[in-house]
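This report describes the overall build of one protein chain. Please look at the model before reading on.

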Amino acid sequence: MTADRSGPAFSVHDIPFSTYGSWFGISPVVAEKTYAEDLHLVSHQNGMHAVLSLVPLDPVTGERTETRVEATPGLLSWTGTDGRIDLAYESPDTVRLRGAGVPLRISAAARTLTPFSGTYFYREPAADAYVFTSYETGRRYRVSVLSGTVADVFGSQALGSADRGVTVADADGGWEIAVEELDTARPPYVSTVAFGKVVEAVRNSFADFVDAVAPWRSAATPAAELAAYVLWSATVRPAGLVTRPGVLMSKHWMDKVWSWDHCFNALALAPGCPELARDQFQLPFDHQDETGALPDSVTHSEVLHNFVKPPIHGWAFGHLRRRLPTPPDHAELTGTYDRLERWTEFWLTARRAPGAALPHYQHGNDSGWDNATTFDPERVVVTADLAAFLTLQLRELAELATHLERPDDARRWTRAAEETQQAMLDELWTGDRFVAQGVDSGDTWGTSSLLDLMPIVLGEHLPPEIGEVLAGRIEAHLTPYGLATELPDSPHYLADGYWRGPIWAPATILVEDGLRRGGHHRLADEISGRFRVLCEEHGFAENFDALTGTGLRDRAYTWTAAAYLLLAEAHAQREGRRDAGSAPRT
């Protein structure tokens with residue numbers, strides 16, 4: 001019997017329907033926190049733009065009809081009382097749709113066309129197709145009718161405000177169309193593969209991806225396949241400023257690669273998709289500036305440099321090179337070493353005040369914890385999390401220098417790591433907590449933010465007595481669902497307060513790893529277990545209400561899915577070792 005390869009079912013209100021490599025998805029989410037009544041083709045070229053509205057119609061009245069929408073990785077379906085419509089990706093830029101009993105209206109989402117915005121619509125005589133050309137995406141969307149009848153064409157060549165689109169309906173029992181996202185022109189669309197084969201090919205592609213990234217999955221890791229789908233479907237092919245295959249944080253509105261989010265995706269992909277993992281780690285470094293700084297974020301048509309993100313890249317690359325099935329060769333190590341060196345020098349030069357031993361953030365955004373309470377008194381601050389991350393990065397540079405047979409560099413980086421960690425302890429450790437210090441005022445303060453406890457990432461490098469204190473304080477942040485980023489009894493706690501309460505995947509991974517490396521296995525296990533259950537019950541949201549577990553903000557976030565895969569894989573391996581250790585001898 002052939003195994004079912006259809007993949008997990010999911011709600012398109014939470015996770016957009018898309019495919020590996022595509023720059024568009026099918027979703028009711030048309031803007032930040034904005035849900036339309038119907039599904040749309042939403043492109044992420046030149047930003048997030050709802051381009052086409054897809055509306056099933058009553059075959060008698062021609063009005064919108066109610067349908068049930070169901071999705072699995074290879075097939076999206078609308079099912080109504082009169083029939084159904086199916087949609088599948090034939091390629092990253094082409095979807096096929098077929099219907100029986102239910103007409104479909106495809107129309108421009110933007111009703112108003114100006115000389116600089118909106119969508120123009122016309123029949124293309126050379127291809128005998130209908131074309132929508134979008135100012136917002138800079139692309140064209142061509143509808144080719146493969147079977148059935150064109151029941152209505154409206155707004156063709158219209159200017160100003162108008163409804164624009166085409167309706168397809170049954171002829172001889174059904175209809176079928178292809179919709180392509182293209183630049184300027186291409187030969188007329190010709191169908192060479194039956195619809196069922198299109199669906200089968202996508203299902204097989206996704207199933208192969210799952211087998212690669214989560215071969216360890218079992219009934220004990222019930223969200224592994226859906227986590228893999230979130231990563232797979234959010235991957236885009238190189239285009240614009242995205243220089244290599246990239247996993248966006250989401251194909252909802254968080255449709256960028258931020259310069260620390262990418263590290264977690266790289267780690268989750270490393271064992272099964274090593275080249276894609278390498279691309280994720282390196283992508284922001286492709287836009288490193290002359291000072292060595294990484295951009296804040298990268299997406300199709302925009303690279304932002306107004307903020308940076310924390311230097312977790314040494315920590316990440318250390319894990320990455322150990323997770324890759326084939327260790328990086330000399331050339332790869334050399335290239336990464338040079339990039340990490342420049343990134344580290346940025347923090348040691350551009351981000352250290354004259355005479356200062358420790359670097360500083362200029363805003364909470366630089367830390368990745370945008371509005372954490374650590375930054376309430378001042379924004380330009382020296383913090384212990386930054387010092388800890390930089391210490392780990394300096395240690396990784398020392399290891400790489402040793403591999404590359406650069407002993408002088410190795411000694412230099414080791415000395416810098418030791419000096420940075422000692423300065424952190426001398427200047428920011430009070431005996432029972434780490435404090436932050438304002439660069440301008442010199443004032444110090446402690447808060448109820450989990451950010452103050454992030455030096456736990458130093459793991460085995462942290463003095464044991466300090467590790468014990470941090471572990472105790474971290475445990476106070478543990479709710480039934482995971483680590484609250486602000487103590488729930490803090491007066492500053494907000495249920496949907498971004499970094500002022502909700503549970504986040506990156507903090508969970510970094511804390512869990514530091515605790516485990518520091519010998520605090522019980523607490524690490526508890527954090528891992530609660531976060532895994534959180535994802536299994538509430539999905540892969542950007543963050544979660546710490547007291548209810550409810551998913552918040554963007555509901556299809558790849559670093560959350562990656563965190564689940566990392567924790568689930570590690571748990572499965574620990575369980576496997578325990579089982580092997582308890583197995584009877586033969």
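## Basis

This is a predicted model, in which local features need pLDDT of at least 70, side-chain atom pairs count only at pLDDT 80 or more, and totals for chains, interfaces and linings use all residues. Residues are numbered from 1 along each chain as its sequence is written, and side-chain values use heavy atoms, leaving out hydrogens and water.

## Overall form

The chain holds 13 helices and 28 strands, which are DSSP runs (helices H or I, at least four residues; strands E, at least two) numbered from the N terminus. Its radius of gyration is 26 Å, close to the 25 Å given by the globule rule for 586 residues, so the chain is as compact as a globular protein of that length. The radius is taken over C-alpha atoms, and the rule is 2.2 Å times the number of residues to the power 0.38. Along the principal axes, the C-alpha atoms fill a box of roughly 80 × 70 × 50 Å.

## Surface

The accessible surface of the chain is about 22200 Å², and 50% of it belongs to carbon and sulfur atoms (Shrake-Rupley method, 1.4 Å probe).

## Interior

Of the 586 residues, 59% are buried (under 20% relative accessible area, 1.4 Å probe, protein chains only). A nonpolar core is a set of buried Ala, Val, Leu, Ile, Met, Phe, Trp, Tyr and Cys residues joined through side-chain atoms within 4.5 Å. The largest such core has 167 residues, of which Phe17, Ile26, Ile106 and Ile474 touch the most other members. Helix H8 (residues 384-403) gives the most to this core, with 12 residues. Another core, of eight residues, lies apart from it and includes Trp23, Ala239, Val242 and Leu248.

Notes
Buried means under 20% relative accessible area, exposed over 50%, partly exposed in between (1.4 Å probe, protein chains only).
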